[in-house]
Amino acid sequence: MSEAMEAQDAAAGEGGETKHMNMIEAINSALDCMLAKDDDVILLGEDIGYFGGVFRCTAGLQEKYGKTRVFDTPISECGIIGVAVGMGAYGLRPVPEIQFADYIYPGLDQLISEAARLRYRSAGEFIAPMTVRSPFGGGIFGGQTHSQSPEAIFTHVAGLKTVIPATPYDAKGLLISCIEDNDPVIFFEPKRIYNGPFDGYYDRPAKNWKGREDAQVPEGYYSIPLGKARTVTEGDQLTILAYGTMVHVAEAVCREKGVEAEILDLRTLVPLDIEAIEASVERTGRCLIVHEATRTSGFGAELSALVTERCFYHLEAPVERVTGFDTPYPHSLEWAYFPGPVRIGEAIDKILQD
Amino acid sequence: MAKATDRAAGDKGSNRPKLALHVPEPRYRPGDTVDFSHLGITEPGAQPRPDETAEARETYPLCDDLIRVLGDDDKAHGPWDPRLDADTLRRMLREMALVRAFDNRMYRAQRQGKTSFYMKCTGEEATSVCATHALAGDDMIFPSYRQQGCLIARGYELTEMVNQIYSNKGDKLKGRQLPIMYCSKRLSFFSISGNLATQLPQATGFAMASASKGDSRIAATWVGEGSTAEGDFHSALTFATVYNAPVIFNVINNQWAISSFSGFAGAERATFAARAIGYGMAGLRVDGNDPLAVYAAERWAADRARSNGGPTLIEHFTYRAEGHSTSDDPSQYRSAEERGEWTLGDPVMRLKDHLIALGEWSEEQQEAQDAELDDMVKAAMKEGEKNGILGHGLHHPFATMFEDVFEELPWHLEEQSEQAIREREIKFPEGLKK
């Protein structure tokens, strides 16, 4: 058992009774837990109060904790993130929600020039301990304005942490760690798997989280440390690095092809679990990186460079990337764009050919 | 390739009138004779003073007016006279003069190559010093880059300011910020950003947080008139009114945003104070060179915020007597006469003359104080220089470059830190050349 998994199990012990939850319920449970635990936690965002958020992640929380702790905001991402910086300076732990990651750009200056650099420029006098939650990724016919995966932009910014869960269990444990963290964090929620894992076959019946071990979520407090990857499957043939929805797609492809891959769910892109990546690639000698975001300058490029720099003499084949295409997300051609089983399968065949 | 001027079929031969693009132009350029009589400066004391708890709309006539207290007779007039005691007036005068002495010395230090950059606030001293006096000591200040007066009014040590400007080993910001981008949590002075107007939503957030905690601290923030064009300004005003946040927005209308006159921020159409009207927020337009009027307006807004009356936008109508920064040459874009002709005078001289008129001060005392303050600044500079000046020596351990990016050092920064330290002996075997 890896160190990460041991830490995970140890932490889970604190959470008490478990309950079956989908990802939305797990996120709601994490927010509920932290609102109860710490008076300084405050939730703000468009439609998150009375209505409970367009994806219902904050449902019932305003009723439970009151309007001054969970409240709706004007439609102004720059305002939402900017006031969160000020709240952090006061001593609160704001958790702003940006309704879709595609809408985060108007708030980008407050995130990358202000929140991310506040600790540095004030030499630690002021900090911005905020967790910006935002649903991201495609596969829901959201068109070009509800489907983007902008995570690479944030990983490029010094001072920001980027976290992406792939299961209900992780969503709760990681979100709690993010809220407790004293650095600004971007918490991207893969909305395609809010209600159930996705195997990449758009024409198969939708799945839900029922019966899955990773959807058994402790009802109480537990946390999963940032910077620790999760080993999804063990295998010797190749290492697959993935996060979010693509963890499940990669897993399904390997199962159907009968490939024994070691799939690492990275969970946090910054800080990155380089030790887990190195250990796995050095053992398997082959590496495939999978993400939904556009290819050029995507986070896969960083992963590929790291693996090449650090594991070159262990590699038996070039590092491969499977990604979205370098186009905006097309509404009607969504399933042609999505990096699904065909693209992943071909890449695996290529890596394993020698 | 299609041209922007291509027209749709059928438009040819249209007899519709031609549209014209308006590009604002300041009244005076280098060489022009200046006449500020168009400003229509109002009589001191003539402006009504609504109660601090009044409906926002009662302030709207003041958004187009100009609150003034000190008259040409050097006496205080009208309902906005804050009736400050002589000690307070002398203290404000001393601090404004200290800001000026500090600016003058540091400007020269930049010219002598001791630092990279400096920004004076000559002519605008009242908008920071006197406004700060109207706040409580723990009210949070979210400054822009020309509010050194706020720090001086709160008694910040001059040597700390010098250390920051020189980015030397005494700089508690570890040499990371541009000169003049101070920060002091102890004095409730927020870290300055070079990205304009970002401090406005932050001040609003701080005020919202304070209100949500049932605290009594309010927030005050400063922004130049040019930066009111930034989206952050509008987001901040929206949030402030929506949540009735206890925050004061100080817009310093010093007429120039580097070389762009205030017309490029919309001044040809409306005053900056009038921006408040669209948001349903209280708004005041004040003579920014009148120390008593600045104090009175800020105090009014602070009292209003503290009694849950909500936010106020104050336009301080003033003039940037110097260049934007040491990297700017105003003689290239504005008439050299402007400074001398500025019809609202100089805030330091106006307060000095007022105190003399009250029989509480004299020209001799002013002269002696100026000499004393200059010595004080010189001593602080000397003290600061012991810690080094910018570009002469590597003042901070290399590892500090990687600290405070995150609370804890992650592996990639640890590796990069080790690299920087390894390179040190190759790149700088004897330190930076002097």
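Which domains does the domain assignment give for chain B? Chain B is divided into domain 1 (39-385) and domain 2 (398-427), bounds that come from an automatic or database domain assignment. The centres of domain 1 of chain B and domain 2 of chain B, taken over C-alpha atoms, are 39 Å apart.

This is a predicted model, in which local features need pLDDT of at least 70 and side-chain atom pairs count only at pLDDT 80 or more, while totals for chains, interfaces and linings use all residues. Residues are numbered from 1 along each chain as its sequence is written, chains are lettered from A in the order in which they are written, and side-chain values use heavy atoms, with hydrogens and water left out.

Where chain B meets chain A, 43 residues of chain B are in contact with 46 residues of chain A, contact being heavy atoms within 4.5 Å. About 3600 Å² is buried between the two chains, and carbon and sulfur atoms give 62% of this area; buried area is the accessible area (1.4 Å probe) that two parts lose on being put together, summed over both. In chain B, the residues that lose the most area to chain A are B:F239, B:F406 and B:W411, which together account for 18% of what that side buries.

The rule finds three salt bridges across this interface, each a side-chain nitrogen of Lys or Arg within 4 Å of a carboxyl oxygen of Asp or Glu. One of them joins the side chains of A:D40 and B:K213 (2.7 Å, N to O).
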